[in-house]
Amino acid sequence: MNIIVVGLSHHTAPLEIREKLAFESNGIEAPLRELTSLPDISEGIIVSTCNRVEVYAVTRDIAAGMARIRRFLAERRRIPFSSLEPYLYGYHGENAVRHVFRVAASLDSLVVGEPQILGQIKSAYGYAAEYGASGLVLNRLLHKAFFVAKRIRTETRIASSAVSIAFAAVELAKKIFDDLSDKTVLLVGAGEMGELAARHFITAGVRGVMVANRTFERAERLAAELDGRPVRFEDLLDHLHKADIVLSTTGAPHFIIGTKDVAEVLRRRKQRPMFFIDIAVPRDVDPAVNELENVYLYNTDDLQGVVESNLEQRRMEAEKAEEIVADEAGRFLSWLSSLEVVPTIVALRSRFEEIVRSEVERTLSAWKGISPEHERRIDAMTSAMISKLLHTPISVLKHTGQGGRIDLYLDALRSLFDLSPEMQEVDKDNGGDGDE
Amino acid sequence: MNTVVFSVVIGIYGAATLLYVVYFVRPAEALCKAAGRILASGFAFHCLFTVNRYLESGYTPITNPHESLSFFSLAVVGVFLAFQWKYHAVILGSFVMPVAFLILLASASFPSAVTPLSPTLKSGWLAIHAVGAFAAYATFTVAFCAGVMYLLQERYLKKKLLGVLFRRLPSLDILDDINYRCLAFGLPLLTIAITSGSLWAKSAWGAYWSWDPKETWSLVTWFVYAALLHGRLTTGWRGRRAAILAIVGFCVILFTFLGVNLLLPGHHSNR
């Protein structure tokens with residue numbers, strides 16, 4: 001019983017390939033059924049986001065299972081196998097478990113620490129569970145992955161600092177205003193970067209957006225898209241006092257907002273604080289504005305500095321997170337192997353009993369005149385021999401328990417005695433062991 | 001019995017202060033909860049101590065430095081607990097609690113014996129005058145701490161020094177709001193204290209106001225905070241200016257309370 005991962009992500013594949021391979025969540029039932037009906041695959045989950053497409057599966061034969069999934073992906077999405085294959089990676093055993101944990105905890109994301117991935121994995125697991133594609137092992141693996149993600153979120157600050165410039169701006173705004181729900185953003189210049197930043201502020205819950213642009217039509221169009229209000233560029237300074245956050249992104253060759261303008265606006269606002277984000281190059285806002293009381297001005301370089309210090313801090317936090325992943329992966333793997341101990345013991349015992357029984361039967365059937373009393377004694381003797389012979393191996397198996405060696409023992413027993421233990425699904429519905 | 005309770009209060013406040021300071025460096029949910037609970041229990045013991053002292057002596061126990069500082073500390077903790085409960089301003093504790101703890105230690109350094117009350121202090125005005133004054137001082141102490149935090153956070157934002165302290169400190173708006181709320185509660189309390197003191201002076205000495213140093217400095221304190229409130233409501237004195245005035249006001253209070261009581265002669269002198 002092995003866990004394998006096959007897939008591709010932003011690390012290995014360009015967008016064109018990721019797009020082609022992506023699965024739609026509302027038609028996921030058929031591919032899931034096809035996946036789990038493949039000969040070597042007993043359980044499967046398909047994770048498909050804009051940055052990754054991955055299959056998590058349980059197989060008896062690692063090599064065969066991986067090959068089947070590779071071909072399944074190519075055939076299912078009608079991509080020539082040769083053009084897909086170079087982008088695919090595959091993991092098994094401990095690496096596979098670690099990979100799933102890292103993905104769920106957003107350590108493998110394009111923006112490390114971004115929170116959406118956990119929700120996407122949860123819904124992928126939801127579909128797999130709904131259509132019966134995941135079983136004992138993957139249920140447990142995914143629950144554990146959610147637990148690891150939660151642990152990493154609470155024990156490290158990996159998700160707490162901003163990475164993109166727009167995100168950094170929102171974080172800074174929260175340190176000035178605390179509550180953004182009664183704050184208004186004024187976007188000056190209807191460019192792409194400004195729009196992106198404005199959208200971040202909208203997601204963060206600002207009350208409203210005003211859009212000013214030299215071409216008024218463009219301001220109107222973007223304002224409609226952002227559910228905001230267009231402002232004529234000539235009237236910019238008359239509307240400035242209504243804005244708490246000013247996002248300036250114009251292509252103007254000189255400053256469009258000066259210190260005097262802002263000082264005047266502050267008087268009209270009764271000194272309520274203002275946050276200027278000047279992401280235009282060349283700059284739109286006179287740097288001296290930052291000297292005014294209750295005004296905070298950040299330009300592209302300042303924000304870049306925030307992003308970089310966050311990245312640095314994030315790298316340190318990521319190390320902590322990796323330790324948690326390794327720790328939990330170890331625990332999961334020992335659970336996985338303990339799952340096979342009891343079935344292996346059962347299989348070993350029945351293999352012995354089978355041999356003894358057939359030998360005893362052969363002997364007795366050729367033995368004329370043996371009394372039932374003697375027959376009973378011979379049975380008792382052979383049972384006792386089996387018990388005594390197996391006593392040491394079984395107690396070693398039972399007590400080796402956690403740790404890496406149990407896998408060696410199980411593998412050795414299976415190949416020495418040609419065993420194929422049936423997995424016991426004792427706690428199918430109970431994916432967790434109480435620590436979730 | 002009361003000295004035992006007082007020592008317990010010192011111990012608990014010390015522990016709570018330590019937890020709040022550690023919480024500032026290493027924020028963890030469990031730490032914050034523990035600190036809150038421990039402090040609340042300390043506050044309960046402190047109330048018990050104060051009530052017991054009242055029953056023992058038969059007068060409002062705010063007559064000598066030991067009692068006054070102890071009540072001051074109690075009021076600061078009470079105001080902080082109210083802010084923590086209402087605004088979850090836990091980080092505020094990392095600044096307020098060391099101050100409250102220091103005040104309590106100062107109280108412990110004065111003799112705690114119950115002494116017979118001097119005849120002039122035997123009046124119903126004592127309770128309203130002294131409780132009002134220390135409640136006002138307590139809210140201004142919290143405003144002072146919020147002011148210090150504001151100036152730090154404002155500096156970090158202006159200079160773009162976005163380190164660990166920046167991340168821990170609350171937003172400017174929250175700190176400014178604490179400043180405003182302290183002012184809104186503190187100024188009426190101070191007004192009550194000064195008015196009742198004046199009425200009391202009339203009944204005790206026959207004059208409402210005699211320009212004794214304490215009276216003068218209390219008036220100065222009142223003007224500082226009244227100016228701040230006026231500025232806030234009319235021309236938008238907020239943020240940095242409000243924080244600085246809260247700090248200035250606190251310094252005047254320190255002088256009014258310590259300097260005047262301990263150094264200058266007058267009705268409030270403890271010399």
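Me: How many bridges join strand 5 of chain A to strand 6 of chain A, and in which sense do the two strands run?
Reply: The model is a predicted one. Strand 5 covers residues 184–188 of chain A and runs parallel to strand 6 of chain A. One facing pair is Val185(A) with Val209(A) of strand 6. The number of bridges that join these parallel strands is five.

Me: Which helix lies between strand 5 and strand 6 of chain A in their β-α-β unit?
Reply: Strand 5 and strand 6 of chain A belong to a right-handed β-α-β unit. The helix of this unit spans residues 192–203 of chain A. That is helix 9 of chain A.

Me: Is strand 6 of chain A largely enclosed or left open, and how many of its residues are buried?
Reply: Strand 6 of chain A takes in residues 208–213, six residues. A residue is buried if 20 or more other C-beta atoms lie within 10 Å of its own. Strand 6 of chain A is largely enclosed by the rest of the structure because most of its residues are buried, namely five of the six.

Me: Which residue of strand 7 of chain A stands opposite Ala212(A)?
Reply: Strand 6 and strand 7 (residues 229–232) of chain A pair in the parallel sense over four bridges. The chain passes between them through helix 10 (residues 216–225) of chain A, in a right-handed β-α-β crossover. Val211(A) stands opposite Pro230(A). The residue opposite Ala212(A) is Val231(A).

Me: On its other pairing, which residue of strand 8 of chain A stands opposite Leu186(A) of strand 5?
Reply: Strand 5 of chain A also pairs with strand 8 (residues 245–248) of chain A. This pairing is parallel and has four bridges. Leu186(A) stands opposite Val246(A).

Me: What are the edge strands of the open sheet of six strands in chain A?
Reply: The strands of this sheet come in the order 7-6-5-8-9-10, with parallel pairing. Neighbouring strands are turned by 20° against each other on average, direction ignored. An edge strand here pairs on one side only, and the two that do so are strand 7 and strand 10 (295–299) of chain A.

Me: Which strands stand at the edges of the open sheet of four strands in chain A?
Reply: This sheet has the order 2-3-1-4 and antiparallel pairing.

Me: Turning to chain B, how are helix 3 and helix 4 directed relative to each other?
Reply: Helix 3 (residues 65–87) and helix 4 (residues 90–108) of chain B pack at an angle of about 170°, with their axes 8 Å apart. The residues of the contact include Phe72(B) and Phe80(B) of helix 3 and Val96(B) and Ile103(B) of helix 4. They divide into 14 nonpolar, six polar and no charged. An angle over 145 degrees counts as roughly antiparallel, and helix 3 and helix 4 of chain B are therefore roughly antiparallel.

Me: Which helix of chain B supplies the largest share of the side that touches chain A?
Reply: The contact takes 17 residues from chain A and 13 residues from chain B. Helix 5 (125–159), helix 7 (172–205) and helix 9 (239–263) of chain B each supply at least two residues of the chain B side. That side divides into four nonpolar, four polar and five charged residues. The largest share, three residues, comes from helix 7 of chain B.

Key
Residues numbered from 1 in each chain as written. Chains lettered and ligands numbered in written order. Predicted model: local features only at pLDDT ≥ 70, side-chain atom pairs only at ≥ 80, totals over all residues. Axes fitted to C-alpha atoms, helices over the stretch in contact; angles between N-to-C directions. Parallel < 35°, antiparallel > 145°, perpendicular 65-115°, else oblique. Contact = placed C-beta atoms within 7 Å. Nonpolar A, V, L, I, M, F, W, Y, C, P; charged D, E, K, R; others polar. Buried ≥ 20, exposed ≤ 12 C-beta atoms within 10 Å, placed from the backbone. Pairing = 2+ DSSP bridges. Right-handed = clockwise from strand over helix to strand, strands pointing away.
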